[in-house]
Amino acid sequence: MSRQSTILFRDARLIDPVALTELRGDLLVRGGKIVDAFTDKRATPPGGAEVIECNGACLAPGIVDIGVKVGEPGNRHKESFRSAGLAAAAGGVTTIVTRPDTDPAIDSPESLQFIARRAATDAIVRVLPMAALTKGRLGREMTEIGFLQDAGAVAFTDGDRVVADTKVCARALTYARSLGALVIGHVQEPGLSAGAAVTSGKFASLRGLPGVSPMAERMGLDRDISLLEMTGARYHADQITTARALPALERAKRNGLDITAGISIHHLTLNELDVADYRTFFKFKPPLRSEDDRLAVVEAVRTGLIDIICSMHTPQDEESKRLPFEEAASGAVGLETLLPAALRLYHAGMIDMPRLFRALSLNPARRMGLDCGSLLPGAPADLVLFDPDAPFVLDRASLHSKSKNTPFDGARMQGKVLGTWLGGKLISERP
Amino acid sequence: MTFRASHLLGIEPLHPDEIRTLLDLSDRYAEENRKGVRHRDVLAGMTQINMFFENSTRTQASFELAGKRLGADVMSMAMQASSVKKGETLIDTALTLNAMHPDLLIVRHPQAGAVDLLAQKVNCAVINAGDGPHEHPTQALLDALTIRRAKGRLHRLSIAICGDIAHSRVARSNILLLGKMENRIRLIAPPTLMPAGIAELGVEVFDDMQQGLADVDVVMMLRLQKERMDGGFIPSEREYYHRFGLDAVKLGYAKPDAIVMHPGPMNRGVEIDGTLADDINRSVIQTQVEMGVAVRMAAMELLAQNLRARRAAKGVMA
């Protein structure tokens, strides 16, 4: 399929996160871009056009996943750009925004160029790298934000490490503001959350695990909001997972601060009790929350208060997970399970399909300044075609990721990707 | 007789009938231990390995003695000094030991859940001798036996558990066990040492000894676990003793015949007055130690029975 080829997706359920509609119709793609959607009348396929019969399956803008960890450099055995790209494409993810918390951290233009090169050669999806906010992610000195931006860094973050020194953080935000750079913060009060493995409460107490109060998240958010008022920086909170942080976020948005918030799919679909008997595949940072918190953040995604859903894809090998809970590594792979897990919210009647894709595709694309994420004419034809109802039982061995640490192993899920297109080019197809 | 479990990892999965079965057998062993009757045939030919990844004197000695009285070949390993120091993971250590075909593994580990993890990887019976602040089932059983013998019953008693509840596996196992046996449980601690959400377990929570100890039948003191504390939970030991240390005055709030318990080792003058601890009319601390051996004998006998039955079912010789 050449770049100039024409494709007509016929009879699809078109998920439009801009108009917040889902209409039956056709979508015409030419030269890697969306030409138009036809929902009131059938489109006549132009001469030479490839026609894809969708038979009522959902066609949505490809997912833009912010915060994907790839093991390059340092832990290529956990995930490479090749395996991450394959996993993403299989999961309907067309753009991944990678985390800089590698080994060593991506904190110089040279290391950024290295991964950009590796990604260009090996990954079949679009890869946009983020860079560290401070050198070595140590929270002492800001990185060369300007050079890194020139080299292609789309955002700056120290990953799950909080820049604890407020003065360092304020300076980095001030400097970033002058360059219009987006800073992504991990919202936690670092002292209160130190050493915690789960959220404090009855479950943590029964299991004898060190817990952190959910209030630590609001404290972290409150500090960062104050810094935004001070500096005027562009800011995204990586994961807002607790009910008590939501009013602060809502106020900050109402006051006109340039702030958005994300959440991982795991915090939307699992709760603290899923840890059960010390199952380390359910260990996350921040830890899974109470069911009340989960319901509150699902509702916040529905209303748009929480802007972005991500997979927070964190590959870990068996050795990092087969340890006592406190010692075990945090995080889970999520690129391939992001869509079926998100569809749980749709099937539960909690969020409709357009709003789901507003959080999965449109909002992250806009926040990163990309023109993808919608079905608007002129947008890149980054598309995912999927059957939202197709049931399956997840077998972790079937994942494309090199690491198989998914909390959904053996879970009954619904939603199979039938095909993924990047710029009009088919990159994954259901076998 | 109803005790079908393969391991004794905690009180949480036990049914009250299983607890009664364990306690009845322990009671018998307690009597026979006093008479000097030995039972070297019960675990004859079986190998018991004690793996303590955390310092212990009394618990390890108690398990060792219990195994020897039942005729097991007992080996104790000080795990801090072993290959763990060389970077071997818990699972590898477990697999290595498993290859030596032990029958009973007694494990203590500083991290919650570590013994569960290990039990998944071996094919012998595992007893949790304490995993971090999670559970210490044989301690709760020996406490229960001590209470039952002193009070003549193990239900509808008012029992106060006082002190460092946050760091205590003894408290968790006791809350679970005494709750299953339908007792009234009162927890007394400074709020910094009270675990979050604990009231949801159906216990009453106090931060004042006078209120908390009012009319209780049993006063269970806990050791202040300084080694587990990563910061100041209390302002000082002397203030702690003043407000939460058990002395004759505070014991006066309890029932006149209330018994005093402590899992040991005691910090005299921190959580308990030394004289009170030694008062044979009130303190059952020495009885607790005695019951410990009996309870561990009972637990090992029942687990060994189940192990033999499982192996016979698989056609493997025990």
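Of the 431 residues in chain A, 62% count as buried, where buried means under 20% relative accessible area, exposed over 50% and partly exposed in between (1.4 Å probe, protein chains only). The model is a predicted one, in which local features need pLDDT of at least 70 and side-chain atom pairs count only at pLDDT 80 or more, while totals for chains, interfaces and linings use all residues. Residues are numbered from 1 along each chain as its sequence is written, chains are lettered from A and ligands numbered from 1 in the order in which they are written, and side-chain values use heavy atoms, with hydrogens and water left out.

The overall form of chain A comes next. Its secondary structure comes to 13 helices and 18 strands; these are DSSP runs, with helices being H or I of at least four residues and strands E of at least two, numbered from the N terminus. The C-alpha trace of chain A spans about 65 × 45 × 45 Å along its principal axes. A compact globule of 431 residues would have a radius of gyration near 22 Å, and the 21 Å of chain A agrees with this. The radius is taken over C-alpha atoms, and the globule rule is 2.2 Å times the number of residues to the power 0.38. Among contacts (heavy atoms within 4.5 Å) in chain A between residues at least 6 apart in sequence, 75% join residues at least 24 apart.

We can now turn to the interface. The size of an interface is often given as the accessible area lost when the parts come together. Chain A and chain B bury about 1,600 Å² between them, with 57% of it on carbon and sulfur atoms; this buried area is the accessible area (1.4 Å probe) that two parts lose on being put together, summed over both. In chain A, the residues that lose the most area to chain B are K202(A), L206(A) and R322(A), together 34% of what that side buries. The contact draws on 15 residues from chain A and 23 residues from chain B.

Between chain A and chain B the count is 1 salt bridge, a term that requires a side-chain nitrogen of Lys or Arg within 4 Å of a carboxyl oxygen of Asp or Glu. The side chains of R207(A) and E12(B) meet in a salt bridge, at 3.0 Å from N to O. On the side of chain A that touches chain B, the residues divide into 6 nonpolar, 4 polar and 5 charged. Here Ala, Val, Leu, Ile, Met, Phe, Trp, Tyr, Cys and Pro count as nonpolar, Asp, Glu, Lys and Arg as charged, and the others, Gly among them, as polar.

Within chain B, the side chain of H134(B) makes a polar contact of 2.8 Å with the side chain of D131(B). Not counting residues up to four places away in sequence, H134(B) touches residues including L206(A), R207(A), G208(A), D116(B) and R172(B).

Over all chains, a search of the whole structure finds 39 salt bridges. In chain A, R223(A) forms one with D224(A), the closest N and O atoms being 3.0 Å apart, and D224(A) counts as buried at 4% relative accessibility. Another pairs E291(A) with R294(A), with the closest N and O atoms 2.9 Å apart. Both residues lie in helix α10 (residues 291–303) of chain A, 3 residues apart, about one turn of the helix. E291(A) counts as partly exposed at 31% relative accessibility, whereas R294(A) is buried, with a relative accessible area of 13%.

In chain B, R186(B) forms a salt bridge with E204(B), the closest N and O atoms being 3.8 Å apart. This pair links distant parts of the chain, R186(B) in strand β6 and E204(B) in strand β7, 18 residues apart.

Technical notes. Polar contact = N/O pair within 3.5 Å; in protein donor to acceptor, adjacent residues only side chain to side chain.
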